[in-house]
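I opened the model to look up charged pairs and ring contacts. My notes follow.

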Amino acid sequence: MTDITILVLGGTGTISRPVVRESIKKGCRVYCLNRGAHKNENGVNFIKGDFYNLDTWIDKISMLSFDVVVDFLSREKEDIGRIYPVLSKKCKQYVFISSACVYDRRQNKAPFNETSTKPDARWSYSIEKYESEQLLVSLSKTQKGA
């Protein structure tokens with residue numbers, strides 16, 4: 001077992017489940033915060049709670065700390081505004097999972113990179129993820145005093 005402890009927000013979806021499985025294979029201690037609606041994964045410590053309601057899980061993580069929080073669930077900047085101030089104090093690194101969908105495909109051709117035009121104004125998902133990214137950048141600079 002490594003000394004790495006990971007909290008995955010979600011952990012049972014198409015992208016997050018393989019991340020959880022690979023983390024377990026690498027010997028990480030893995031916690032997943034979710035509603036508990038899916039089959040338990042061997043080796044995972046599940047924290048049952050409603051992502052959108054801090055009161056259902058905040059006490060359950062009060063004595064825990066994480067090397068990494070991997071956020072597969074936040075979509076809107078309100079999600080980030082609600083959970084980042086809490087979870088950033090519980091971890092060394094916060095990873096926000098976005099997707100290539102945030103890029104404006106009319107302006108860019110793959111492969112995309114950080115200088116590619118964002119968001120795709122035709123799609124609310126792209127706009128919401130982009131706004132969440134922007135808020136995270138701002139919050140992380142504020143917390144570090146940058």
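**Charged pairs**

I began with Asp79 and Arg82, which form a salt bridge with the closest N and O atoms 3.3 Å apart. My rule for a salt bridge was a side-chain nitrogen of Lys or Arg within 4 Å of a carboxyl oxygen of Asp or Glu. This is a predicted model, so local features need pLDDT of at least 70 and side-chain atom pairs pLDDT 80 or more, while totals for chains, interfaces and linings use all residues. Residues are numbered from 1 along each chain as its sequence is written, and side-chain values use heavy atoms, without hydrogens and water.

Asp79 and Arg82 sit 3 residues apart in helix α2, so about one helical turn separates them. I took helices (H or I, at least four residues) and strands (E, at least two) as DSSP runs, numbered from the N terminus. Next I checked exposure: buried is under 20% relative accessible area, exposed over 50%, partly exposed in between, with a 1.4 Å probe and protein chains only. Asp79 is buried at 4%. Arg82 is partly exposed at 22%.

How many salt bridges does the rule give? I got 8. One of them joins Glu128 and Arg75, 2.4 Å from N to O. Glu128 is in helix α3 (residues 124–144) and Arg75 in the loop between β4 (66–71) and α2 (77–87), so this pair ties together parts 53 residues apart in sequence. Glu128 is buried at 17%, and Arg75 is partly exposed at 34%.

I also found Asp120 bridged to Arg122 at 2.7 Å, N to O. Asp120 is buried at 5%, whereas Arg122 is exposed at 54%. Glu114, Lys118 and Glu133 are linked in a salt-bridge network.

**Rings**

I returned to Arg82 and found its charged end over the ring of Phe51, 5.1 Å from the centre. The test was NZ of Lys or CZ of Arg within 6 Å of the ring centre and within 35 degrees of the ring normal.

I then searched the whole structure for aromatic pairs and found 5. Rings of Phe, Tyr and Trp (its six-membered ring) pair if their centres lie within 6.5 Å; planes under 30 degrees apart are stacked, over 60 edge-to-face, the rest tilted. Tyr31 and Phe66 are edge-to-face, because their planes stand at 75°, with centres 5.7 Å apart. Tyr31 lies in strand β2 (residues 29–34) and Phe66 in strand β4, so the pair ties together parts 35 residues apart in sequence. Tyr31 is buried at 18%, and Phe66 is buried at 3%. I noted Trp123 and Tyr125 as a tilted pair, 5.2 Å centre to centre and 40° between planes. Trp123 is partly exposed at 40%.
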